[in-house]
Amino acid sequence: MAALDLLGRRWTLRVIWELHQNGTPIGFRDLQRRCDAMSSSVLSARLTELREAGIATPTDDTTWRLTPLGEDLVTAMGPLLDWSRGWAEQQ
């Protein structure tokens, strides 16, 4: 239930997706732009929650990346991505 609570928070999945998309660490402002300019306070809160959950981590140069656990989460979400593509085609 804790994982569902975390992943169900607004913007959490988008932040994870954007951290995964680049494959390299991304800075706060670039991440904010990729997330349709969400407020900095919400992005900061989500990054803090993801860091505390062991899913994302800041790097030494103030960028963010997924941890191995975060990458495992993206892999686990693969079937959901497949389902969503089929759903989008039906819309």
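**A tour of the model**

Modeller: Gladly! Let's begin with the largest pocket, where α6 gives the most to the lining, with four residues. Keep in mind that this is a predicted model.

Biologist: Okay, which residues line the largest pocket?

Modeller: The lining is made up of Leu13, Trp17, Val74, Met77, Gly78, Leu80, Leu81 and Ser84. Both α2 and α6 supply at least two residues each.

Biologist: And how much space lies in there?

Modeller: The largest pocket holds about 190 Å³.

Biologist: How does anyone find empty space in a set of atoms, anyway?

Modeller: A probe the size of a water molecule is rolled over the atoms, and that shows where empty space is left.

Biologist: Nice. Switching topic: how many aromatic pairs does the structure hold?

Modeller: One aromatic pair. Its partners are tryptophan 83 and tryptophan 87, and they are stacked, with 5.9 Å centre to centre and 10° between the planes.

Biologist: Is tryptophan 83 buried or exposed?

Modeller: Tryptophan 83 is exposed, at a relative accessible area of 54%.

Biologist: Let's move to α4. How many residues has it got, and how far does it reach?

Modeller: Helix α4 runs over residues 40-52, so to speak a stretch of 13 residues, and spans 18 Å from its first C-alpha to its last. That is close to the 18 Å expected at 1.5 Å a residue.

Biologist: Which of its residues are buried?

Modeller: In α4 the buried ones are Leu43, Arg46, Leu47, Glu49 and Leu50. Looking down the axis of α4, you find its buried residues within an arc of 160°, so they line one face of the helix.

Biologist: What does the face turned away from the buried side carry?

Modeller: There you'll find the exposed residues Ser41 and Glu52.

Biologist: And what do the buried residues of α4 pack against?

Modeller: Quite a list: the helices α1 (2-7), α2 (12-22) and α3 (28-34), plus the strands β2 (56-58) and β3 (63-66). After α4 comes glycine 54, which has a positive phi, near 80°.

Biologist: What does arginine 46 touch?

Modeller: Not counting residues up to four places away in sequence, arginine 46 touches Arg9, Arg10, Trp11, Thr12 and Val15. As for distances, the C-alpha atoms of arginine 46 and leucine 6 are separated by 9.0 Å, and these two are 40 residues apart along the chain.

Biologist: Some of that takes us towards α2. Which residues are buried in that helix?

Modeller: In α2, Thr12, Val15, Ile16, Glu18 and Leu19 are buried. They cover an arc of only 165° around the axis, which puts them on the same side of α2.

Biologist: Tell me about glutamate 18. What is it in contact with?

Modeller: Glutamate 18 is in contact with Leu31, Arg34 and Cys35, leaving aside its neighbours within four places in sequence. With 9% relative accessibility, glutamate 18 counts as buried.

Biologist: How far apart in space are glutamate 18 and isoleucine 55?

Modeller: Their C-alpha atoms are 13 Å apart, and in sequence the two are separated by 37 residues.

Biologist: Last stop: where is asparagine 22 found?

Modeller: Asparagine 22 is in helix α2 too, and is partly exposed, with a relative accessible area of 34%. From C-alpha to C-alpha, asparagine 22 and arginine 65 are 9.3 Å apart in space, though 43 residues apart in sequence.

Biologist: And what comes just after α2?

Modeller: Glycine 23, which takes a positive phi of about 80°.

How values were computed:
Residues are numbered from 1 along each chain as its sequence is written. This is a predicted model: local features need pLDDT of at least 70, side-chain atom pairs count only at pLDDT 80 or more; totals for chains, interfaces and linings use all residues. Side-chain values use heavy atoms; hydrogens and water are left out. Rings of Phe, Tyr and Trp (its six-membered ring) pair if their centres lie within 6.5 Å; planes under 30 degrees apart count as stacked, over 60 as edge-to-face and the rest as tilted. Buried means under 20% relative accessible area, exposed over 50%, partly exposed in between (1.4 Å probe, protein chains only). The expected span of a helix is 1.5 Å times one less than its number of residues. The arc is that of the directions from the helix axis to the C-beta atoms. Contact means heavy atoms within 4.5 Å. On a 1 Å grid over the protein atoms alone, a cavity is a set of points where a 1.4 Å probe fits but cannot get out, and a pocket is an open set with protein on both sides within 12 Å along at least five of seven lines; lining residues have an atom within 4 Å of a point. Grid points are joined across faces, edges and corners, and a volume is the space filled by probe spheres set on the points.
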